[in-house]
Amino acid sequence: MPKQAMYKRGDDNGMWPILKMVTQRLALGVVTLFVVSVLIFSSVEFLPGDIATEILGQAATPETVAQFRKDVGLDKPPVERYFSWLAGIAQGDFGKSLANQRPISELISSRLWNTLFLASMAALIAVPLAVLFGVLAALYRGSFLDRSINVMTLTTISFPEFFVAYILIMIFAVNLGVFPSISNIGPETPFWDRVYRSVLPSLTLTLVVMAHMMRMTRAAIINLLASPYIEMARLKGITRSQIIIKHALPNALAPIINVIALNMAFLVVGVVLVEVVFVYPGLGQLLVDSVAKRDITVVQASSLIFAGTYVLLNLLADVLSILTNPRLLHPR
Amino acid sequence: MKFLKELATAPPTAWFGMIVILVYVIVAVFADIIAPFSETEVVGDLYLEWDQTYWLGTDQLGRDVLSRLIYGARNTVGIALATTILSFLLGGTLGLIAATLGGWIDQILSRIVDVIMAIPQLIFALLLLTVFAGRAPDINLGFTSIAGASLTLILVIAFLDSTRVYRLARAVAMNIVVMDFVEAAKLRGEGLGWIIRKELLPNSMAPLVAEFGLRFCFVFLLIAGLSFLGLGVQPPTADWGSMVKESATLISYGDITPLIPAGAIALLTVAVNFVVDWMLHRSSGLKD
Amino acid sequence: MTDTNANGQSGDILLQMRGIKIDGMADDVWNPIIKGIDLNLHRGEVLGLIGESGAGKSTLGLAAMGYARDGCRITEGSILFDGIELSTASDEAKRKLRGSRIAYVAQSAAASFNPAHKLIDQYSETPIHHDVLDQETARKDAVELYEKLRLPNPSEIGFRYPHQVSGGQLQRAMTAMAMSCRPDLIVFDEPTTALDVTTQIEVLDAIRNIVRQFNTAAIYITHDLAVVAQMADRIMVLRYGELVEEAVTEDMLSDPKEDYTKSLWAVRSFQKPQKPLAGPEETSVIRIENVTAGYTSGDMVLHNVAFDIHRKRTVAVVGESGSGKSTTARCITGLLAPKEGRILSNGEELPADYRQRSKDQLRQCQMIYQMADTALNPRQRIRDIIGRPLEFYLGLTGAKKRERVRELLSQIELEPDEYIDRFPGELSGGQKQRISIARALAAEPEFIICDEVTSALDQIVAEGILKLLFRLQEELNLSYMFITHDLATVRSIADEVVVMLQGRVVEQGPKDQMFTPPHHEYTDLLLSSVPEMDPEWLTKLLEDREKNKPGIELAGN
């Protein structure tokens, strides 16, 4: 390998490989987003039967059905409908709800904001704690701290979100009465009040996502500490703190960032259940309600937002881990 | 013998897990005998307090909560188990095939899996359940019958989860496919079936069994979550996720009834995770 | 720091290890790895530690630094380094010694340098950390040492990152790093094992020079006898964690005492008579006709490779890693379809892809692999491993199959009753390799590719395998293609030799011709670079090369 690589050295210098990799990954991300949108759109096309009849009920006259189809644009071929749907979304227009004919963007905007608020609040608590304890568990592997963290995280991972949520409600809302069990917030709610009402849902999310993040951080650091260059540093007589700061940290950045971004993606999805438990007016709640009502257009729109965020966060994770990889930062 | 010896060295967490799993299995299998009342029978008034007859009281329709909890073991665990098995059959087979054949078959399968996995599982499940709701018929397998809604649920989740099984099975098999004995079998002219059955499977059982435990937990929690949202297992089937949803309002009055089915779910997943953790720890030889 | 200067050792002895016992954790139990070894090292002396893998060489080498890897522990014994008792010294005291007075050079330089830092910063880290030099002096010093180690561009190479530098250079840079505090002792842990033979020469030369120049004591760990003969003043032979024999290098080579040592030292005695070249009219069993091939992405790996293998002949294909030996084998077996050219079997063209070949074509060409461990399915019994080709190709079943398996086992000199029901894990390395041979024979082929079949085995076991292969060739009219980098193997078994470099055949001919100069200069370089047992070999070779200045400069060095 070294021999051939040496011969090839001249050719690769034209373009920085790191730029090339990032561009490739971004392009792949765009393709993924496109395919995801096609998938979400076309899932409805697989519906046996007809949406119009379904919405209007069996009793509807053929004329009403035809009129309804025309109104909603169902009479056009699927490909055309897909592109006009996509073009609409690009301008912030998601179409109309089948259930109540209101524009979807109107339904979504404030809820999306609420969901992002909740997710960020959970992330702000979860990320520092998870990374700190994950790193500590790895550094003091096999210690009491490590073993208790292992049992604790294993247990929390196993809990359904609603179980965690109800336990928190039981303790903090019912018994102690310090936080509300229902997070009824609106656009008028002042900031600190909003924070106060979101404490329990974000705490639930934090607990759920933190366990994963801690375990992944720990595994990444342990993997790193097992590498021969760390042993080399020990055999060079470097102090433990210096080994961690100078030798482990620069290489740990990539895996830790990766872990964080991946868990943010989990978190965005975890929001759905938590919103339902706390009756939090977010996008997840909207999605679940629309599924129950079979309001397909709203389901599509909110699925697309969730899936898009998920794809983008995964993309971010990959790009960041490329950018922080020392081998790629300094090309041959 | 060797297995018994290793069992003796299992840590307390693993022992705890194994005992819990055993108890659940017994409850699920002998639900008819253990449960004081039937699954759907209305036995008394609504929301009765805990007492001598109704140990855990009655629910919003006046059914015995304890009985529903016991039958729930059979339904909830059964559905999750069936889903996981199906997901393994589908994903495992495809993963092994992709690893063995490589080339364009592997490329196509892997890209399809990439796309499916690009959409978060819960969201995709919600989407598919909306689309397919009410399309599956009730079926009778002789020893048990499955409601249409549960069948849809099983198929949708098995399909979505098989992508993860595919990735793992493929990765595990990839490590074995590069071994010389597989190359030797290929060069001998052996067919795909032989290579998978005789060369790959016996050598990839350990990680696949551990993964089965993890996937089961995941599927179990996902289905519980969907049922809790009212989009999974449908009434009148007794199911823990739905039971939590149905009794959720009680929590505001300080009644812990909703915590019981939720705890039943949590306890089983904890137990399985403890056992799997021990198995993984053992097979990795202390390396974590 | 408790036992400082306990018994006032004479300044001559630098390191004294007494009754060292080390345990390793496997399957949740502690097993002994080192079972009580004494070791003495004088100032400026180079001690060779030699043994097979699993002999405990590296563990013992690290113990000399008072260090045990995770999952290992030093249970007994004293390690007295220049009057300091390392077995009882505090972690802090040991840390201060490491890097400054005892340094370590690892096997894989690529993995042992931190990818995030420049070479020169990793060099200066030790002297700065131990307060020996400041950064500026350390850097100057680094350049000086790089020059002494004959690294190209000594003033600039330090500012590169590890992955920007080739393996041989990296290994020298690591030696420089170990030297940075001018330690009293350096532990070299197989420093050239991962390198090609032609690269190895320069690293060996560099290490030897610098150690002599600074009068540094060294423990040199390797499994290669010829290498240790060049480097060490004294040799210790280890086996299963115990000392087998210890002597000054010259004595050890000329007059080994123990049977095990003798078996290691035994120059390959077996040499099969070379057969004359096949006549031009004879059809070759396998003909590689102008094959050019490469993998899906990237450049061609093989360029216009052509040679013939005739009935009952052994053709040895030699070359370094990346020379295309194994790729050639993959083209023959049909695992890789050539871009140009073709493979003929008895004058008949074989389909390029093995999947298009008939059962009979597949049967005729069998393969024996380097690592018998991965070549045999660990979950199948010997009866199934050998029985499968019988059933698959020849349709044997039941009693007939069983009888034939027993016959084959006898043929490879393993007692059928004892081995037929075992799993591969219950066999030794040599026995596993014999099973691979039996599996190949079961197909009743006319041609067998042997891919480095003896390189993972001990000398004496390897010799047994070679004898067996030769006997089978005579009895069964087999043709062999022998892929190897070991010239002793070539000498003992080849009829013809093919030399490959960067995907091309540079030279080919009958064995006796190939071992008599003159040759293509690469053949010379390759043949002369393979270490020999003579302790003066490296010195003489370097003198020779100095005189003749070979015109060929290999890339990457």
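How many helices and strands are there in chain B? In this predicted model, chain B contains eleven helices and two strands, and its elements follow the order α-α-α-α-α-α-β-β-α-α-α-α-α from the N terminus on. The C-alpha trace of chain B extends over about 70 × 50 × 35 Å along its principal axes. Among the contacts in chain B with a separation of 6 or more, 68% are accounted for by residues 24 or more positions apart.

Chain B carries 18 positive and 23 negative side chains, the centres of the two sets lying 12 Å apart.

The largest nonpolar core comprises 142 residues, of which Phe162(A), Tyr166(A), Ile157(B), Leu226(B), Phe228(B) and Trp240(B) touch the most other members. The largest share of this core, 16 residues, is contributed by helix H12 of chain A, which covers residues 240-277. A second, separate core is made up of 87 residues, including Leu39(C), Leu60(C), Tyr146(C) and Ala247(C).

Within chain B, the surroundings of Leu226(B) can be described residue by residue. When its neighbours within four places in sequence are left aside, Leu226(B) is in contact with Leu122(B), Ala125(B), Leu126(B) and Leu129(B), with Leu153(B) and Ile157(B), and with Leu231(B) and Gly232(B). Of these partners, Ile157(B) is itself listed with Leu226(B) among the residues of the largest nonpolar core that touch the most other members.

Technical notes. Residues are numbered from 1 along each chain as its sequence is written. Chains are lettered from A and ligands numbered from 1 in the order in which they are written. This is a predicted model: local features need pLDDT of at least 70, side-chain atom pairs count only at pLDDT 80 or more; totals for chains, interfaces and linings use all residues. Side-chain values use heavy atoms; hydrogens and water are left out. A nonpolar core is a set of buried Ala, Val, Leu, Ile, Met, Phe, Trp, Tyr and Cys residues joined through side-chain atoms within 4.5 Å. Buried means under 20% relative accessible area, exposed over 50%, partly exposed in between (1.4 Å probe, protein chains only). Helices (H or I, at least four residues) and strands (E, at least two) are DSSP runs, numbered from the N terminus. Contact means heavy atoms within 4.5 Å. Lys and Arg count as positive and Asp and Glu as negative; His and the chain ends are not counted. The place of a charge is taken as NZ of Lys, CZ of Arg, CG of Asp or CD of Glu.
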